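Please read them with the structure open.

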Amino acid sequence: MNGDNLHQRSVPQTTTILKTPHNISVSNFNLKKTPNYAPHCWSFADASFLRWKTADVSDLFKYHPVPCFFAVSLLFFMGVEYTLRMIPPSSPPFDIGIVATDYLHRVLVASHTLNTVLAGLNTVFVGMQTVYIIGTWVVEGRPRSTIVTLFMFTCRGILGYSTQLPLPEGFLGSGADFPVGNVSFFLFYSGHVAGSVIASLDMRRMHRWELAFLFDTLNLLQVVRLLSSRGHYTIDLVVGVGAGMLFDSLAGKYMKNAIAF
């Protein structure tokens with residue numbers, strides 16, 4: 001009997017189980033891992049969809065609404081993309097962020113002083129990011145955020161030079177804006193936004209929640225100001241957020257491997 005039990009336990013389990021928030025087991029749909037099987041033993045009869053049931057589909061929508069939302073979004077934006085009227089080369093790009101900040105843009109056009117003051121405040125915020133990021137290395141001895149910034153700006157330089165976009169129509173430059181002095185800069189992607197995200201992520205790792213919230217709030221205001229002054233396209237700012245998160249993750253892996261060696 002004991003030998004039989006040992007033999008039974010040695011048989012690999014092929015049933016895919018999905019653990020729901022209420023500890024209900026649902027067969028067939030497992031979004032967390034792929035069942036293990038030898039490739040040469042697989043046949044069409046083993047295909048996962050052949051075991052799907054109506055209850056499995058309903059439970060997928062019930063317990064995994066986020067992937068379902070993205071699936072619906074995929075279909076929606078496929079419809080938008082395939083029926084969209086393309087912007088001709090002779091026309092300026094369409095940018096929803098620029099459209100949304102049209103009123104603020106007109107306010108800045110009417111007040112050169114306000115535009116300069118906001119540009120100066122934005123430069124102060126960039127200085128805050130720089131001081132914090134460098135401080136984590138030279139003061140606290142934690143170089144990760146500095147490494148993230150080096151990764152991020154190197155990639156930004158490559159991409160910014162590779163595709164040089166025209167300035168948004170109505171661009172309002174200022175000598176007080178960073179980089180100071182009305183010098184040229186890469187539009188894609190926003191180093192202002194990425195730098196703020198890098199600092200904020202480090203603050204969260206160190207449980208500096210209030211400071212992280214402050215930086216996120218200032219970053220949001222920075223985004224509105226950059227759109228209003230036509231200093232960036234929306235895609236520059238959104239990718240700036242993603243770049244900060246991506247390179248923070250890559251730097252973390254680099255640091256882990258560096259410590260291992």
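1. Helices here are DSSP runs of H or I with at least four residues, and strands are E runs of at least two, numbered from the N terminus. By that assignment R205 is found in helix α8. The model is predicted: local features need pLDDT of at least 70, side-chain atom pairs count only at pLDDT 80 or more, and totals for chains, interfaces and linings use all residues. Residues are numbered from 1 along each chain as its sequence is written, and side-chain values use heavy atoms, with hydrogens and water left out.

2. Overall fold. The chain has 10 helices and 2 strands, in the sequence order α-β-β-α-α-α-α-α-α-α-α-α. Among contacts (heavy atoms within 4.5 Å) with a separation of 6 or more, 73% are between residues 24 or more positions apart.

3. Burial and surface. Of the 261 residues, 31% count as buried; buried means under 20% relative accessible area, exposed over 50%, and partly exposed in between, with a 1.4 Å probe and protein chains only. The accessible surface (Shrake-Rupley, 1.4 Å probe, for residues only the protein chains shown counting as cover) comes to about 17400 Å², and carbon and sulfur atoms contribute 69% of that.

4. A nonpolar core is a set of buried Ala, Val, Leu, Ile, Met, Phe, Trp, Tyr and Cys residues joined through side-chain atoms within 4.5 Å. The largest has 17 residues, and M152, A199, M203 and F247 touch the most other members. At least two residues of this core come from each of α6 (112-138), α7 (144-162), α8 (191-205), α9 (209-228) and α10 (234-260). Beyond its neighbours within four places in sequence, F247 contacts V148, F151, M152, C155 and Y189. A second, separate core has 5 residues, including V193, V197, L226 and L227.

5. Salt bridges. The whole structure holds 9 of them, each defined as a side-chain nitrogen of Lys or Arg within 4 Å of a carboxyl oxygen of Asp or Glu. One joins D102 and R106 at 3.1 Å, N to O. These two are 4 residues apart in helix α5 (residues 102-110), so about one helical turn separates them. Both ends are partly exposed: D102 has a relative accessible area of 34% and R106 has 48%.

6. Which residue does D202 pair with? Its salt-bridge partner is R142, with the closest N and O atoms 2.7 Å apart. The pair links distant parts of the chain, as D202 lies in helix α8 and R142 in the loop between α6 and α7, 60 residues apart. D202 is buried, at 1% relative accessibility.

7. D216 and R204 form a further salt bridge, with 2.7 Å between the closest N and O atoms. Because D216 is in helix α9 and R204 in helix α8, the pair ties together parts 12 residues apart in sequence. D216 is partly exposed at 29%, as is R204 at 33%. Salt bridges that share partners join E140, R142, R144, D202, R205, R208 and D248 into one network.

8. R205, a member of that network, is partly exposed with a relative accessible area of 31%. Leaving aside neighbours within four places in sequence, R205 contacts R144, S145 and D248.
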